[in-house]
Amino acid sequence: MATRRRWLFADQLGPHFLDDEPERQVLLVVSKGVFRRKVYHRQKAHLVLSALRHRAAELGDRAELIVTERYRDAVTGPVEVCHPTSRAARELIRSLPDATMLPPRGFITAPGDFVRWADGRPRLLLEDFYRDARRRHGILMDGSEPAGGRWNFDGDNREPPPRGVRTLGVPPPPALAEDDVDAEVRAELDRWERDDGIRFIGRDGPRRFAVTAGEAQARLAHFLEHRLPVFGPHEDAMLREDPLMAHSLLSASLNLGLLDPLDVVERAEGEYRRGAAPIAGVEGFVRQILGWRDYVWHCYWYFGPRFEHRDALHARRRLPAWFAGLDPEGVGSACLRDVLTRVRDTGWVHHIQRLMVLGNLALQRDWHPADVADWFARAFVDGYPWVMTPNVIGMSQYADGGRMTTKPYAAGGAYINRMSDYCGGCPFDPKHRAGADACPFTAGYWAFLHHHRDAFAGNHRMRQPLALLDRLADAAEIAAAESRRRDF
């Protein structure tokens with residue numbers, strides 16, 4: 001019987017996607033058709049291609065790297081492949097005549113365990129899943145009780161930035177050294193744009209994220225030593241001169257498969273156990289990986305293909321060209337301009353900038369949720385359909401009607417003012433909902449509530465905002481003005 005080659009997708013590049021079989025041959029494929037069908041961030045394309053080529057170089061004679069238009073054109077003979085992360089890839093594997101699909105790797109909770117937890121629940125809330133996962137895997141547990149006496153330290157991890165500072169003063173992760181492979185990738189992408197009609201959004205730039213397991217491990221070690229100890233308190237804060245804050249920058253490495261998430265959370269727990277990092281910050285970090293990352297992966301599959309088309313709030317507006325094309329030049333709002341500029345220049349901003357600036361804007365403006373999810377998947381270096389469909393459809397845009405969250409993540413300028421230093425010097429005033437200097441987020445928040453009042457009438461968590469809305473004599477005028485707004 002012929003030995004099956006292990007086909008590794010571009011998000012399966014770590015050692016845990018191969019078994020201890022030194023003679024096993026490996027197939028790696030670059031599909032130009034993927035980049036032809038959709039317009040991705042240039043730095044995302046660079047990261048993916050560089051990671052594939054570096055993995056091929058590491059494996060040497062064991063690996064064959066094929067550049068082709070379609071994946072199926074490169075797959076000849078028997079192959080085996082770990083369960084992929086998209087429905088399209090899964091259907092492709094199922095259609096191949098001699099392909100064997102192995103169980104998924106790169107996540108912590110097994111699919112069967114998630115299904116057993118989820119079945120019969122009217123709402124799949126993260127907190128419930130997270131506690132179940134902590135118990136099942138024994139992470140941050142002292143016997144049957146949570147470490148530190150609490151499951152949730154969110155209250156300790158939502159502090160605004162320290163007053164009067166421009167940065168947290170946390171050591172940044174060491175810069176990554178590009179090599180000949182990166183130069184080849186950059187030249188290849190230039191040829192695609194010049195000769196093949198393939199287009200990108202965003203700017204090219206130095207590679208900022210790991211493309212090998214070795215680089216990813218070094219980044220993890222640096223985070224654990226220098227950034228995890230101060231990660232927690234200000235994980236939801238924003239500073240215009242400190243885009244990284246104390247965040248790990250490990251999402252791209254995890255989503256390329258360079259790091260094993262169980263190893264990551266166990267090592268983070270180890271820092272707490274030896275007294276090097278406080279429980280609140282470690283719990284917040286573990287929640288992001290063992291909790292949220294695994295949760296959205298399973299929700300992507302559990303909710304099925306119709307979920308990405310959910311639009312409970314009937315948001316039908318298309319993304320404006322300046323947003324879709326990452327063009328911040330005409331944007332006046334300080335927070336929006338800064339965040340959109342950073343996406344253009346790096347393909348990354350942290351989770352609060354995604355949720356409470358970009359996602360909040362899209363929610364308030366009734367942009368079509370499927371378009372928003374697709375944009376996030378293409379514009380971010382760590383974006384994939386499995387990541388962004390639940391994050392955007394379910395959490396950010398409330399397009400599932402509350403199946404994943406109990407209330408929409410909408411907020412006015414007061415939230416951004418409290419959690420950042422953006423509002424000082426901005427031409428818009430977060431306190432103003434009307435007039436020439438009305439903050440797009442403040443006015444947009446009240447317009448959003450006005451438009452969707454009936455949809456939220458039965459939601460107990462929206463009772464107070466709706467009561468405040470009823471006290472605004474100018475709510476209808478604000479909503480009308482915001483529907484005409486062109487200046488952001």
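In this predicted model, ring pairs join eight named aromatic residues into a cluster: Phe-114, Trp-117, Phe-129, Trp-292, Tyr-295, Tyr-302, Phe-303 and Phe-307. The structure as a whole holds 32 aromatic pairs. In one of them, the ring centres of Phe-223 and Phe-231 lie 6.2 Å apart; the planes meet at 80°, so the pair counts as edge-to-face, since the cut-off for that class is over 60 degrees. Both Phe-223 and Phe-231 are buried. Trp-375 and Phe-376 also form an edge-to-face pair, with 5.0 Å from centre to centre and 90° between the planes. Trp-375 has a relative accessible area of 0% and is therefore buried. Phe-376, at 3%, is buried as well.

Tyr-300 is located in helix α11, which spans residues 279-302. Its relative accessible area is 6%, so Tyr-300 is buried; the limit for this class is under 20%. When neighbours within four places in sequence are left aside, the contacts of Tyr-300 are Thr-85, Ser-86, Arg-87, Pro-385, Trp-386, Thr-389 and Pro-390. For Tyr-300 and Thr-389, the separation in sequence is 89 residues, while the C-alpha atoms are 6.8 Å apart in space.

An open sheet is formed by 5 strands with parallel pairing, in the order β4-β2-β1-β5-β6. Its edge strands, β4 (63-68) and β6 (99-102), each pair on one side only. On average, neighbouring strands of the sheet are turned by 30° against each other, with direction ignored. Within the sheet, strand β1 (residues 5-8) runs parallel to strand β5 (residues 79-82), and 2 bridges join them. Arg-5 is positioned opposite Val-79 of β5. Helix α4, made up of residues 87-95, lies across β1, β5 and β6, and runs at about 135° to β6.

The packing of two helices is described by the angle between their axes and the distance between the axes. For helix α18 (residues 440-451) and helix α20 (residues 463-470), the angle is about 100° and the axes are 10 Å apart. The two helices are therefore roughly perpendicular, as the range for this class is 65 to 115 degrees. On the α18 side, the contact is made by Tyr-445, Trp-446, Leu-449 and His-450; α20 contributes Pro-465, Leu-468 and Leu-469. Sorted by class, this contact between α18 and α20 has 6 nonpolar residues, 1 polar residue and no charged residues.

Conventions
Residues numbered from 1 in each chain as written. Predicted model: local features only at pLDDT ≥ 70, side-chain atom pairs only at ≥ 80, totals over all residues. Heavy atoms only, no water. Pairing = 2+ DSSP bridges. Helix = DSSP H or I, 4+ residues; strand = E, 2+ residues; numbered from the N terminus. Axes fitted to C-alpha atoms, helices over the stretch in contact; angles between N-to-C directions. Contact = heavy atoms within 4.5 Å. Parallel < 35°, antiparallel > 145°, perpendicular 65-115°, else oblique. Nonpolar A, V, L, I, M, F, W, Y, C, P; charged D, E, K, R; others polar. Buried < 20%, exposed > 50% of the residue type's maximum accessible area, 1.4 Å probe, protein only. Phe/Tyr/Trp six-rings, centres within 6.5 Å; stacked < 30°, edge-to-face > 60°.
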